[in-house]
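Dear colleague,

I am passing on a structure for you to look through, and my notes on it follow below. Please open it first and keep it beside you while you read.

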Amino acid sequence: MPSIPFDGAKHDRYWLVPILRAVIALATAVVITFSQGHSSQFGLVVFGVFTLLSGVVVAGFAFPNFSDTVTRAFFLGQGVIGVVTGVFALMVSGGGLSIFLYVVTLWAALTGFLELYSGIRWRGRIAAAKDWTAVGAFTVLLALATLLVPPGLEQRFAAPGGVEGVLRADIVVVGLVGAYAAIIGVYLVIGGLSLRWAVKRPVAAAGDDIDGTVGAAS
């Protein structure tokens, strides 16, 4: 296994990847937050755009920049799954609740475990591994949370002011996607900026440990 999974000095530019992913995630969270109609069709469209763009960013960086074949394969696979999921979700946007639940759960389970594994594999060796572990864990939790939503959920409620409504499964899942996007968006912004600032720090002395050296370069 190489000391770092990046090809040459290209790891110095990796901070752009979490920042781009954060922008996509936060934009998704904003769209969901300020939209009233949280139907399954709306969810499939928004989720499709999110996974498609995120997949392009992840796969686009992974193939030319990772020198470690396992890491490259995992992130390339993660990106391809995102692109395929996004295209599929947009094509079947009128497929209803069952398709929406299936798409979100499958994408979150597959990509979450891939990113979580990469983070655990490189834990303590590169600074970016902490972001991979955290985002992978949040994504797996999204899959688990979606599985726990009863497809037949339909609960009436009365809001303050006498306004009545119905809480449905599609509304809950769209809300989960929005919350997930907001959480990883904020986390990725912090992680990306931390990596950027680390790159600007003075080069560590030769006697420093490998974790400090790699963390400053990532």
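Helices are DSSP runs of H or I with at least four residues, numbered from the N terminus.

Before going further, please note that this is a predicted model, in which local features need pLDDT of at least 70 and side-chain atom pairs count only at pLDDT 80 or more, while totals for chains, interfaces and linings use all residues. Residues are numbered from 1 along each chain as its sequence is written, and side-chain values use heavy atoms, with hydrogens and water left out.

The length of H5 can also be checked: at 1.5 Å a residue, the 20 residues of this helix (residues 128–147) should span 28 Å, and its end C-alpha atoms are 29 Å apart, which agrees. The expected span is 1.5 Å times one less than the number of residues in the helix.

How many salt bridges does a search of the whole structure find? The search finds three, a salt bridge being a side-chain nitrogen of Lys or Arg within 4 Å of a carboxyl oxygen of Asp or Glu.

- Glu115 pairs with Arg21, with the closest N and O atoms 2.9 Å apart. This pair links distant parts of the chain, since Glu115 is in helix H4 (residues 97–121) and Arg21 is in helix H1 (residues 16–33), 94 residues apart. Glu115 is buried at 2% relative accessible area, and Arg21 also counts as buried, at 9%.
- Arg121 and Asp68 meet at 2.6 Å, N to O. Arg121 lies in helix H4 and Asp68 in the loop between helix H2 (40–65) and helix H3 (69–91), so the pair ties together parts that are 53 residues apart in sequence. Asp68 is buried, at 6%.
- Arg168 and Asp170 meet at 3.2 Å, N to O. Arg168 counts as partly exposed at 32%, whereas Asp170 is buried at 9%.

Lastly, Val45, Val49, Leu53 and Leu90 form a nonpolar patch on the surface, with about 280 Å² of accessible area together. Such patches are made of residues with over 30% relative accessible area and no salt bridge, with nonpolar side chains (Val, Leu, Ile, Met, Phe, Trp, Tyr) joined within 5 Å and like charges within 9 Å; the areas come from the Shrake-Rupley method with a 1.4 Å probe, and for residues only the protein chains shown count as cover. H2 gives the most to this patch, with three residues.

Best wishes

Definitions and conventions:
Helices (H or I, at least four residues) and strands (E, at least two) are DSSP runs, numbered from the N terminus. Buried means under 20% relative accessible area, exposed over 50%, partly exposed in between (1.4 Å probe, protein chains only).
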